[in-house]
Structure formats: structure tokens, C-alpha cells
Amino acid sequence: MAERPEDLNLPNAVITRIIKEALPDGVNISKEARSAISRAASVFVLYATSCANNFAMKGKRKTLNAGDVLSAMEEMEFQRFVAPLKESLEVYRREQKGKKEARKDKDKKADSEEQDKSREEENDDDDERMEEEEPNEEEEVDN
Amino acid sequence: LCRGEFPAQAMPAVSRGPWPDTNCHVPALRTSVPLPPWEDAPARALVALVKADPDVSLASQEAVYILARAAELFVETIAKDAYVYAQQGKRKTLQRKDLDNAIEAIDEFAFLEGEFLLGLVWFQYFV
């Protein structure tokens, strides 16, 4: 499935939600301003990725890891992001671990519970696909 | 990955800011990438951005997740910083010029500055 150029911008709904949560109640944002923030976020991601990649290359690795991204944040003078990002990473790792273990239990009774698939959340479905294709801890996004 | 041209009409009608339009086709994504905590399927947009860098061959699941979170923090930060200018102007609506002011005033946002041409070069390099 091909990605359209518009998809290079991060989802509008997400951007809008974050902006609304960041601003006090009753404050609005113009369409131009929101669009500008969205583009700025895209540039931020591109810049951060490139920066993180430099750290990966320095470490002679072909795969970007979370540590590279954190180093990039410092390099880009966004040190204030590092602590909250580390926290999020911990939570994320715990969740991933929990999902893995939940899946092991699920697999044991997989046969008798096939009809439960329709009840599952979207996220679980994606994780299922991921698990089937790559049993490794680290998923890789191929270029 | 293309090195396409940016037609004049894609350029936003403002006096500053490198917000070039991206006219390049991004190749299809391979297989499954776990979604960051964004509800939508278009979280693949973030992955597309990561993939857009020709020097990046692989990115771990964790790296993509952390980038998504960082992007969220960035949006929050820039919105708050821009709002200061709206307040100064006694407005309850954040406008484009508030963004411009924040970007000019704040060092961390320097990477967002520059002429349209520089932004063009930036996007051509990455996309």
C-alpha cells in the first residue's frame, strides 16, 4: 500500500488533541497555526531521526534504538524531553512485556477461543501480526 | 525516494518559515509496525517520516515509539510557547504569527527557521 505525500504529516486529530490539552480552556487555534505546528512537528521528527541515526552510526549499528533518540534530544537541545521520554519508555517496555506474557497464556488456549478474536482490541491484532512475523524483541522498520 | 521539485504554488503565502509542501512519493511500508499510543492507523505517517531519511536503514520498535512521544512533547511545547505571544496580543486564538514569534525568539526552535529555499534543501535531502 503506497503512502501519499500528505501522509508525511502527522495525523491532524492527534496534533489538535495535543494542542488543546496544552492550552488553557477557551483558547482556540487558527487553521494556519495548527497546520504550521503540524509541519513543524514533521520537521522535528525528520531532524531527530537524522540526529539519532548519527549516534547509531557512531556506535556502528544499523538499527536506531531508543537510546539514539534520547541522545538526539540532548543534541538538539531538548534535554527537558529526556526525563519524560525515559519514563514513557519504561512504561512502554513494561506493557510490551505484559503483552508478551499475556500472549503466551493465550496461545495455550488458542484453539478453543478462536471466536474471541473479534472481541480483541485493534492494538492486540497489530501485535499479533507482529509476533507472528518476527519473534525478536526488537521490531525493525525496513527502508 | 524522489528529489522532486516544489512548485511555486506549494509555497505558503507567508513571509517566513520553511513550510515546504512535500510532493514526493514515499515508498510503501513493509509489514507491521506496532502503533504508538495514537488511536489512528496514520501512525504509519510517523514511520514514513522515519523511513524518509535515506541514511536510516532500520529503526527499532522502541525508537519509533520514543520518536512519536517526542513529537507529542514537541507539539505541546511549541503550542505553549506560541500561546505566550497570543496572550501578549490579548487574543484567545493562537495564530500563525504567534508561532513565528516563538520560533524566532526561542533557541531550540532555530532548526525551524530559515528561508524557504533552505527548507527546500532540507526536504530534498531527507525526502
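A: Start with a definition: a residue is buried when its relative accessible area is under 20%, exposed when it is over 50%, and partly exposed in between. The model here is a predicted one. By that cut-off, B:Glu72 and B:Arg69 are both buried.

Q: How are the side chains of B:Glu72 and B:Arg69 connected, and what is the N to O distance?

A: A salt bridge requires a side-chain nitrogen of Lys or Arg within 4 Å of a carboxyl oxygen of Asp or Glu. The side chains of B:Glu72 and B:Arg69 form one, at 2.5 Å from N to O. The two are three residues apart in helix 2 of chain B, so about one helical turn separates them.

Q: How many salt bridges are there over all chains?

A: Nine are found in a search of the whole structure. One of them joins B:Arg96 to B:Asp100, with 3.2 Å between the closest N and O atoms. B:Arg96 is buried, at 12% relative accessibility, and B:Asp100 is buried at 12%.

Q: Are A:Glu90 and A:Arg93 buried or partly exposed?

A: A:Glu90 is partly exposed, at 39% relative accessibility. A:Arg93 is partly exposed as well, at 36%. They form a salt bridge whose closest N and O atoms are 3.7 Å apart. A network of salt bridges links A:Glu90, A:Arg93 and B:Glu62.

Q: Which residues does B:Glu62 meet alongside its neighbours in the helix contact?

A: B:Glu62, B:Ala63, B:Ile66, B:Leu67 and B:Ala70 in helix 2 of chain B meet A:Ala66, A:Val69 and A:Met73 in helix 3 of chain A. Sorted by type, the residues of this contact are seven nonpolar, no polar and one charged.

Q: At what angle do helix 3 of chain A and helix 2 of chain B pack?

A: Angles under 35 degrees count as roughly parallel. Helix 3 (residues 66-75) of chain A and helix 2 (residues 61-88) of chain B pack at about 30°, with axes 7 Å apart. The two helices are therefore roughly parallel to each other.

Q: Where is A:Leu23, and which residues of chain B does A:Leu23 touch?

A: A:Leu23 sits in the loop between helix 1 (12-22) and strand 1 (28-29) of chain A. A:Leu23 is buried, at 6% relative accessibility. Leaving aside residues up to four places away in sequence, A:Leu23 touches B:Ala79, B:Lys80, B:Tyr83 and B:Leu94.

Conventions. Residues are numbered from 1 along each chain as its sequence is written. Chains are lettered from A and ligands numbered from 1 in the order in which they are written. This is a predicted model: local features need pLDDT of at least 70, side-chain atom pairs count only at pLDDT 80 or more; totals for chains, interfaces and linings use all residues. Side-chain values use heavy atoms; hydrogens and water are left out. Helices (H or I, at least four residues) and strands (E, at least two) are DSSP runs, numbered from the N terminus. Buried means under 20% relative accessible area, exposed over 50%, partly exposed in between (1.4 Å probe, protein chains only). Contact means heavy atoms within 4.5 Å. Axes are lines fitted to C-alpha atoms, for helices over the stretch in contact, and angles run from 0 to 180 degrees between N-to-C directions. Angles under 35 degrees count as roughly parallel, over 145 as roughly antiparallel, 65 to 115 as roughly perpendicular and the rest as oblique. Ala, Val, Leu, Ile, Met, Phe, Trp, Tyr, Cys and Pro count as nonpolar, Asp, Glu, Lys and Arg as charged, and the others, Gly among them, as polar.
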